[in-house]
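Come along as I go through strands, contacts and cores.

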Amino acid sequence: MRNLAWLVIGEGEPYLRGSRIDLRVGELILGRRSETFEPDIAFDNFLVSRRHCMLQRETDNITIVDLGSKHGTAVNGEQLSPHAQRVLADGDMVTLAKGAVNFRFAASTAWDETMELGRLLQTQAVVSPLTLDEARRECRVDKENIPVSVKEWDFLWLLRQHAGRLVSYDAIKRTVWNERPLNPGDFAPDVSMDEINTLIYRLRRKLGNHADLIRTVRGQGCMLEEQVELPKTPIDK
């Protein structure tokens with residue numbers, strides 16, 4: 001038997017809503033990356049301090065400590081005193097910088113050492129007539145499978161996570177071209193608009209009569225035109 005612990009992101013770029021971050025034993029610094037410092041878990045928000053807070057995992061519990069951040073850390077709405085430890089319990093909601101970032105702490109006990117934690121987060125999202133199956137990484141249009149590349153899938157899944165909302169080109173670059181190094185200053189990979197437009201063009205051709213599901217806003221980003229029906233997951237209540 002072993003204890004499992006992770007964070008479920010509610011808000012906090014560059015992570016997508018519902019993303020899970022597994023917590024290892026030891027200390028993890030949460031904060032904002034800079035040219036001279038890279039925290040263990042980095043958020044792209046100027047309100048988050050570079051060394052904002054720390055999670056410390058021991059065998060049986062996990063504690064959180066605010067590291068003297070400018071805009072503070074709260075657990076379940078209760079502001080933490082700087083440098084004071086707080087033990088986290090399953091389901092606790094943590095907010096950084098007065099809500100600029102929030103995530104839920106989750107913990108459970110696994111009896112099976114080979115248990116696949118990914119099953120806890122398997123979801124299937126439907127955007128009629130487009131279906132995206134995360135578990136199988138399959139895309140269906142009018143109930144028929146269409147082949148998509150890795151980058152095409154990553155692009156569609158990113159838009160699905162923010163259905164009905166504009167996703168910036170920088171967020172698209174970070175997610176779809178995450179194998180490329182980030183440029184100093186803007187924290188986005190060097191990806192040309194020609195590459196992005198080519199990707200969108202290929203996907204629209206595959207969507208056929210439903211190509212207008214992908215909407216672009218000149219100079220800003222893209223969005224999935226229709227709302228997504230999001231099923232409940234076991235850990236994001």
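Predicted model: local features only at pLDDT ≥ 70, side-chain atom pairs only at ≥ 80, totals over all residues.

**Hairpins**

I began with strand β13, residues 130-133, and found it antiparallel to β14, residues 138-141, with four bridges joining them. Thr131 has Arg140 as its bridge partner in β14. Four residues lie between the two strands of this hairpin, and Arg137 in the turn has a positive phi of about 50°.

I then followed β14 onward to β15, residues 144-146; three bridges join this antiparallel pair. Here Arg140 turns up again, with Asn145 as its bridge partner in β15. This hairpin has two residues between its strands, and Asp142 takes a positive phi near 50°.

**Thr63**

Is Thr63 buried or exposed? I looked it up: Thr63 is buried, because its relative accessible area is 8%, under the 20% cut-off. Thr63 sits in strand β6, residues 62-66. Setting aside neighbours within four places in sequence, I listed its contacts as Met54, Leu55, Gln56, Gln85, Arg86 and Val87.

**Cores**

Next I checked the largest nonpolar core, which has 28 residues; Leu130, Phe155, Ile172 and Ile214 have the most contacts inside it. Elements giving it two or more residues are β13, β14, α1 (150-161), α2 (169-176), α3 (193-207) and β18 (221-224). The largest share, six residues, comes from α1.

How values were computed: Residues numbered from 1 in each chain as written. Heavy atoms only, no water. Pairing = 2+ DSSP bridges. Buried < 20%, exposed > 50% of the residue type's maximum accessible area, 1.4 Å probe, protein only. Contact = heavy atoms within 4.5 Å. Core = buried A, V, L, I, M, F, W, Y, C linked by side-chain atoms within 4.5 Å.
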